[in-house]
Amino acid sequence: MINQDYKWLTDTYVAHRGLFDNANGIPENSIPAFEQASEQGFAIETDVQMTADGVLVLFHDDTLKRMTGADGKLSNYTYEQLLELRLLDTDCKIPTFEEFLAAANGVNLVVEIKTHDHIGEVEQKTYEALKSYKGHYCIESFNPLIVRWFKVHAPEVIRGTLSTSFKETNFSAFRKWLLRELKLCKWNGSQFIAYDAATIANCKPVKRFAKRVPIICWTIRSQEQYDNLSKYFDNMIFDSYAPSSPRNANSK
């Protein structure tokens, strides 16, 4: 049975980077995408990074090219420099974490902290900002050290591990095995697992954890895919289509 303290994780479907439509003027991780998800009652997943001058912003990629056309890594830009950029030729800029929280307006949040080199500052700033949020929230990361930071320094924050097969990475075979097999989840105090839709059906570690913690599947992109995989998870992060209701009818 799912712990009642964070059963909310399974109650509402989670909109990946907001309820976005990149092809039609609502960019991912933009204020309109967050507002649209909130207005329709969906939970929101998003990605936190920090600028060169210490401002938390919402952006998925390490580099700016795909979403803004600019060269280089986001972390090498100051916030003032980012203000000059726009997302996919729209009027939308890269939002700050505070702007995101205002747009989310109390819906459930799944906040991914992107991996980075100097763990501590991003996590502390994220923690401080979330303290005033009026809704439920959790953090997640592919980096087990980030999840561990919250276990040690902010144990009241619900935390989870993101994972996949890691086939496309240049990690060592041992590192891939550690992460893919969820070997560090007990050490870092993970209270849920978020696993890739491409490999969740054949992942034995997920099946073991499913007996104890919620399993969230990312990223579901059609009703057919949901129907085929729903027996393997408790909730989904979705994009490219919208469920008919924000409520998870199969929530346990």
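**Entry 1: H1 and H4**

How are H1 and H4 oriented to each other, roughly parallel or roughly perpendicular? I opened the notebook with that one, keeping in mind that I am working on a predicted model. I looked up the axes of helix H1 (residues 31–39) and helix H4 (residues 97–104), and they come within 8 Å and cross at roughly 25°. Angles under 35 degrees count as roughly parallel, so H1 and H4 are roughly parallel to each other. The hand of the H1 and H4 crossing came next, and I noted it as right-handed.

I then listed who makes the contact. From H1 I wrote down Ile31, Phe34, Glu35 and Ser38, and from H4 Glu99, Phe100, Ala103 and Ala104. Sorted by class, the contact of H1 with H4 has five nonpolar residues, two charged and one polar.

**Entry 2: H5 and H6**

On to another helix pair. I found helix H5 (residues 121–130) packing on helix H6 (residues 144–153) at an angle of about 55°, with the axes 10 Å apart. That angle makes H5 oblique to H6. I also checked the hand here, and H5 passes H6 in a right-handed crossing.

Which residues of H5 and H6 make the contact? I have Glu123, Gln124 and Tyr127 on the H5 side, facing my list of Ile146, Trp149, Phe150 and His153 for H6. By class I get four nonpolar, two polar and one charged for the contact of H5 with H6.

**Entry 3: Ala201**

Ala201 lies between strand E7 (192–196) and helix H8 (204–209). Is Ala201 buried or exposed? Its relative accessibility is 18%, and the limit for buried is under 20%, so Ala201 counts as buried.

I looked for its contacts too, leaving out residues up to four places away in sequence, and Ala201 touches Lys207, Leu229 and Tyr232. I also took one C-alpha to C-alpha distance: Ala201 and Lys231 are 8.9 Å apart in space and 30 residues apart in sequence.

**Entry 4: the whole chain**

Finally I stepped back to the protein chain, where I count nine helices and nine strands. Its radius of gyration is 17 Å, close to the 18 Å that the globule rule gives for 252 residues, so the chain is as compact as a globular protein of that length. Along the principal axes, the C-alpha atoms fill a box of roughly 50 × 40 × 35 Å.

How much of the chain is made up of buried residues? I noted 56% of the 252 residues. Last, I looked at contacts between residues at least 6 apart in sequence, and 58% of them join residues at least 24 apart.

Notes
Residues are numbered from 1 along each chain as its sequence is written. This is a predicted model: local features need pLDDT of at least 70, side-chain atom pairs count only at pLDDT 80 or more; totals for chains, interfaces and linings use all residues. Side-chain values use heavy atoms; hydrogens and water are left out. Helices (H or I, at least four residues) and strands (E, at least two) are DSSP runs, numbered from the N terminus. Buried means under 20% relative accessible area, exposed over 50%, partly exposed in between (1.4 Å probe, protein chains only). Contact means heavy atoms within 4.5 Å. Axes are lines fitted to C-alpha atoms, for helices over the stretch in contact, and angles run from 0 to 180 degrees between N-to-C directions. Angles under 35 degrees count as roughly parallel, over 145 as roughly antiparallel, 65 to 115 as roughly perpendicular and the rest as oblique. A crossing is left-handed if the near helix is turned anticlockwise from the far one by less than a right angle, and right-handed if clockwise. Ala, Val, Leu, Ile, Met, Phe, Trp, Tyr, Cys and Pro count as nonpolar, Asp, Glu, Lys and Arg as charged, and the others, Gly among them, as polar. The radius of gyration is taken over C-alpha atoms; the globule rule is 2.2 Å times the number of residues to the power 0.38.
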